[in-house]
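Biologist: Before we look at backbone features, could you walk me through how to read them, one at a time?

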Amino acid sequence: MAFADYTSRGAVAVIALKNPPVNALSLGLRTAIMDCLERATTDASIRAVVIAGSGTAFCGGADVGEFGLPTMFAAPSLADLFELIENSPKAVIAAINGVAFGGGLELAMVCHYRVASASAQLGMPEVKLGLLPGAGGTQRLPRLVGVERALNMIVSGNPVSARELARTGLLDSTADGDALPAAVAFAERVITEKLPLKKARDAKIDFPNAEAFLDFARGTVAPLSKNYPAPLKCVEAVEAAVLKPFDEGMKIEGSLFIELLNTPESKALRHAFFAMRAAAKIPDVPSSTPLRAIKSVAVVGAGTMGGGIAMNFANAGIPVTVLETAQAALDKGLATVKKNYESTLKKGRLTQDEFDKRVKQISGTLSYEDIKDADLVIEAVFEDIQVKRQVFEKLDKVVKSGAILASNTSTLDVNKIAGFTQRPQDVIGLHFFSPANVSKLLEIVRGAKTAKDVVATSMAVSKQIKKVGVISGVCDGFIGNRMMNAYFRQMELLLDVGALPQQIDKAMEKFGFAMGPFRVSDLAGNDILWYIRKRLYVEYPDRVFSKTPDRICELGRFGQKTGAGWYDYKAGDRAPIPSELVNKIVLEESAKLGIARRKVSDEEIVQRALYSLINEGARILEEGIALRASDIDVVYLTGYGFPDFRGGPLFYADTVGIPNVLRAMREFARGYQPDAWEPAPLLSKLASEGKTFANWVDT
Ligand SMILES: NC(=O)c1ccc[n+]([C@@H]2O[C@H](COP(=O)([O-])OP(=O)(O)OC[C@H]3O[C@@H](n4cnc5c(N)ncnc54)[C@H](O)[C@@H]3O)[C@@H](O)[C@H]2O)c1
């Protein structure tokens, strides 16, 4: 495959990068650019060179897939290529259309001139993978856009439009449309006007009081990046650009990059990046599977979830009809949706025009007649199998053939629901998470009879509404809630032996969770978890649960919505206040069980929490409920506030070492309620074979 095209337009050679989808600078592409450049150098008729992208990108950056592999630094390395471009005897001009990110922007900066389409996006996203721009980006960007702006771009990782950068030294010209003809014209000007071959490395940084500014920057960045080493290293690298000669700065940047490359945080963030991409791949559903067209959607039920689900489609420009049983419920649901949009409008995150459009996309009805032509129907009624039966039997009768019939059930058997219809092949679970218009995760629950094109279409829909779709098989709680049930049960049992809710929450938050389990519970509603537990008591009579959570619920302490739960709350304030009453109940329950309470360390809390997730995750994996270990990580990263710098529960298991996880589990099994610590067979197998979750997928 040719990674780059070489053509000439008079005295200007054009090298077009051809490495879809984003022209990542893989070894193949680096070699191709080198070859083209050498050809231009040796061709006497060529006097300037334009490097352009193709497709939607100039260049999306280094090939992240090469990170940590020998090809990453194999010759020609990025440094080799950049040296050749910068020292080229003929002018090299970058033509930037689409995106120039990371290594792509670094490539542009070693060119002598840069011409961009005004709509192009330029950025340094490395920090989001726990890294910094390691091919001169931290040294050249401050020289071209100024220290302050460069630091912002490098530390935030957020892109900036060419329009905004037009008056900086980064861009020599911007074009309203295609940058390529403008860059060729610019190259001709360089030739005729004999413009010098400008090198970013030679630009002077004139920044009085740099040290004070950098100190200030460090002071601002440090508290915002507690668990992430990269942002402070970015400041350090930019500091080198300001205070040291260019070559010395490059050395400092290089060693900081290698340091970051080997941090567990960067490894975890890179794992998360690849895991998200991998989740869209379904082994027996090829990407060429024809999709069903989804042009209109219906949502049944306008409660907590229904309204949020409808918003996702309205936001994506797809009309939605919401169906309810009574006018009052419908009005209430639609009013909540409108209120949500109004609050976004007030915050300035939505224009009036967008607001009008989105609100208009959502209509309400009490009649099935109005949803019979929908391409996709998502049911979000009460979590009661008889209510679901009524709805699906009705949908089966009225909705056009070929439509996808989805259920948002959290716990019910999707196969059973599919069985309420004569078309189980069209039925699937689309499990949104609360708040449904915000949470990134969408579990796509594949029933035994779900057709492949329904699965493929659901995955495509998840992308369209900007969610991360993860395939799950049918089981109690699917991937996420099944693991969460095991985790919550462990945390509640820990109350019996000696911990208090606020201690457990603090330990989990210190580990990096957005919220500890009891705060999550107060937010989600303790009554919802109570409802699930009551079912589990019947279905798993041998499983022992702590009695404390039920006692909290019996007092009507359902969490934030009732003003009290595991914590007390002041009116109108969501800040949790440790509750004396709850602590008293916890102690009473220990006494009733005859347990002499002991000190539980934060380390033990985190181990019990994580290892219960890991053990259940291993079962889910070996039962084939999840397609791959990394999908389980994605579920936790996108739907459960798992810290991204830890990579997800199964990645974390590999980091700790599976034999170490098992050793701790055996220790726990010698204590209180040992049944939870029966190791999943897959865990024991991986440990005995010296394997990890990551390479179990490979085999
Ligand atoms: N709340 C959550 O956090 C959450 C998260 C994920 C999934 N779910 C699932 O989503 C579904 C809905 O949950 P919710 O929290 O939105 O419930 P909810 O009680 O807030 O809303 C349910 C709505 O469905 C309506 N309804 C009931 N029967 C109906 C029928 N036959 N036809 C039309 N409308 C009907 C009710 O009037 C109500 O407005 C459940 O299956 C639940 O398990 C909930």
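Modeller: Let us begin with Lys194, which is found in the loop between α7 (179–192) and α8 (210–224). Helices here are DSSP runs of H or I with at least four residues, strands are runs of E with at least two, and both are numbered from the N terminus. This is a predicted model, in which local features need pLDDT of at least 70, side-chain atom pairs count only at pLDDT 80 or more, and totals for chains, interfaces and linings use all residues. Residues are numbered from 1 along each chain as its sequence is written, while side-chain values use heavy atoms, with hydrogens and water left out.

Biologist: What is the phi of Lys194, and is this residue buried or exposed?

Modeller: Although Lys194 is not a glycine, its phi is positive, at about 50 degrees. Lys194 is exposed, with a relative accessible area of 69%, where exposed means over 50%, buried under 20% and partly exposed in between, for a 1.4 Å probe and protein chains only.

Biologist: Where is Asn23 found, and what is its phi?

Modeller: Asn23 is found in the loop between β2 and α1, and its phi, near 55 degrees, is again a positive value in a residue other than glycine. Asn23 is buried, with a relative accessible area of 1%.
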